[in-house]
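Here's a quick tour of a predicted model. Have the sequence and the 3D view open as you read.

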Amino acid sequence: MTSDQELPMDGQSATAVFAARGIDVTLNKDQGVIKVVKRQGIDGDRPMIGDKVTVHYTGKLLTGKKFDCSRDRKESFCFNVGKGQVLKAWDIGVLSMQRGEVCTLLCKPGYAFGAAGNPDKIPPNSSVLFEIELLRFEGEMLTDDGGIIRRIKVKGDGYTNPNDGAIVDVHLEGNCAGRLFDCRDVTFTVSEADDKGIPLGVDRAMDKMQRGECCLLYLKPKYAFGSEGKTEFKIGPDKDLVYEVTLKDFKRAKESWEMDVHEKLALAAEVKHKGNQYFKAGRYQQAVIQYQRIIMWLEMECGNGIEQLKRIQDFVMKAHLNLALCFLRIKEFSQVVENCNKVIELDECNEKALYRRGEARLLRNEFSLALADFQQVLLVNSSNRAAQAQISICQSKMKEYHEQDKKTYSNMFQKFAERDEKVVKTKRRRDESLRSSMNGEVGIKRRRKSQDCPF
C-alpha cells in the first residue's frame, strides 16, 4: 500500500492503482470495493454472514486526511457482518478476510457514504479508504445461554421467516465429532420437530431463517439430544452437535391476529394435547413451547360473553400451571414462580399454583415464603397431605439453618473474643517490656548521679 504522501488525489487514478495491486471483492465486479492485503491472515476459516466480528480500522479520504480511527479511541469495534449494520463496503470486505489479516479497502461512494457524504467529515460523492484488521470472529448466538450458534453459509431471500406451526421443507446434515449421522430431506411442523427425530436447537432456529438459507448450527447438549442421547443415530449422552440446515421452502401458520376466538380455542385444545404428550414423554422443553403458544393466543383475549371468557381463562390458567410444572422439572425456579403468580392473579386460592410456587421457593431456599405458600394451601384444602409434609420440611430446614447461623455467629464471636484477648495480651507484654526498660534506664541514671556526687 502507498503511504499517505503517495495517495492518489482522485477516484479514477486511485481505482487504477488499487486495481493493479489488489482484487475486486464485489459480487458483480464493478470495482466498487478493491482490496489490497497488507498482512496475510491465518489460513483457514473466514467470517460467515451474521458472525460477530471484532476489528480495528482507520478511515481516510483520498487526500490522506484521517476522519476516523478505532485505535485513536483505544477501543476495537464489533458488529454482525453481512447484516447491513455497517457500510456496504465493510460487509463485503470483511467477509473476504481471514483472522489476523490487515487490508486496505478502496470504497466507491455507492459502497461507502453515498452522494451525500457525511457532514463535516466526508465530502459528497467521495471515495474513501479503510485500513481494517480482523481481530476475531464468532458465530451468532441465537439463545442467551449460547446453546445455539448460527453461521450462515448462504444468505436466504425475502423478509419473512417460518413461525411456530409453520410447515417447513429442509435438508439436514447432522454431525457429531466429525461423523455424519443424519442426512435427509424432511418436512416438519415448527415446534414439533421432535416428532421427526430433529433436535430442539434446529426447531428453535427456524424462525430466524429465510427461504433458501443454508446455515451451520452448533448445538450444546441442552438443544441437541440432551443427557439421553439418541440411540437411533448412535449419539451418546451430553454430546455437542453440528447441523447444516438448508431451508428449501415453508408455509407460515396463521398469526394470532389472523384468527378469531373460535379458531384460537380450537387450536389451543390441540396444542394443549400435544404439550401433554411431550410432558408425559419427558420432553419438557418441547412441552413448554406448546403451552406458551396457548398463552400467546389467549392471554389478551376477552371473548364474547361470560361462558367464552371462562373457557379462555381456563385454558390460560392450565397453560400457566403446566408451564410451572415443566419448569420445576428443568429446575428453572424463577419461571415456576412467575407462572404461578399469573394463575394466582386470576384465582388467589388456586391450590396447584400455591403448592407449585411453594415447591419452587423451597428449592430456592426461600423457606419462610415457601412455608407461607404451603400454609395457604391448607387454608384452601386442609386435607392436602403433601402440603402438610412440605410444611414439616420447611420448619425443619428453617431450624437447621437457624442452628447453622447460630453456630456460625458463635464461632465468629469466639474468634473475635480470642483476637481481642490476643491483642490485650500483646499490649500487656509490650507495656511490661516498656516499664522494665524505663526502670532499667532510671536505675542507670541514679547510679551515674551517685557516682558524680562528691563524697
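## Cysteines

Cys 69 counts as buried, because its relative accessibility is 7% and the cut-off for buried is under 20%. Cys 78 comes out at 38% relative accessible area, so this residue is partly exposed.

How many disulfides does the count come to? It comes to 0, going by the distance rule for cysteine sulfurs.

## The largest nonpolar core

The largest nonpolar core has 45 residues, and the members touching the most others are Tyr 291, Ile 294, Leu 298, Val 336 and Phe 374. At least two residues come from each of these helices: H4 (261-280), H5 (284-298), H6 (306-329), H7 (333-346), H8 (351-363), H9 (367-380) and H10 (385-452).

Take Phe 374 as an example. Skipping its neighbours within four places in sequence, Phe 374 is in contact with Tyr 355, Gly 358, Glu 359, Leu 362, Ala 387, Gln 390, Ile 391 and Cys 394.

There's also a second, separate core of 34 residues, with Phe 188, Cys 215, Leu 219 and Ile 235 among them.

## A look at H5

H5 is largely enclosed by the rest of the structure, since 11 of its 15 residues are buried. Among them are Tyr 291, Ile 294 and Leu 298, plus Gln 286, Gln 290, Arg 293 and Trp 297. The cover over the buried residues of H5 includes helix H3 (200-205), H4 and H6.

The length checks out too: at 1.5 Å a residue, the 15 residues of H5 should span 21 Å, and its end C-alpha atoms are 21 Å apart, so the two agree.

Technical notes
Residues numbered from 1 in each chain as written. Predicted model: local features only at pLDDT ≥ 70, side-chain atom pairs only at ≥ 80, totals over all residues. Heavy atoms only, no water. Core = buried A, V, L, I, M, F, W, Y, C linked by side-chain atoms within 4.5 Å. Buried < 20%, exposed > 50% of the residue type's maximum accessible area, 1.4 Å probe, protein only. Helix = DSSP H or I, 4+ residues; strand = E, 2+ residues; numbered from the N terminus. Contact = heavy atoms within 4.5 Å. Expected span 1.5 Å × (residues − 1). Disulfide = S-S within 2.5 Å.
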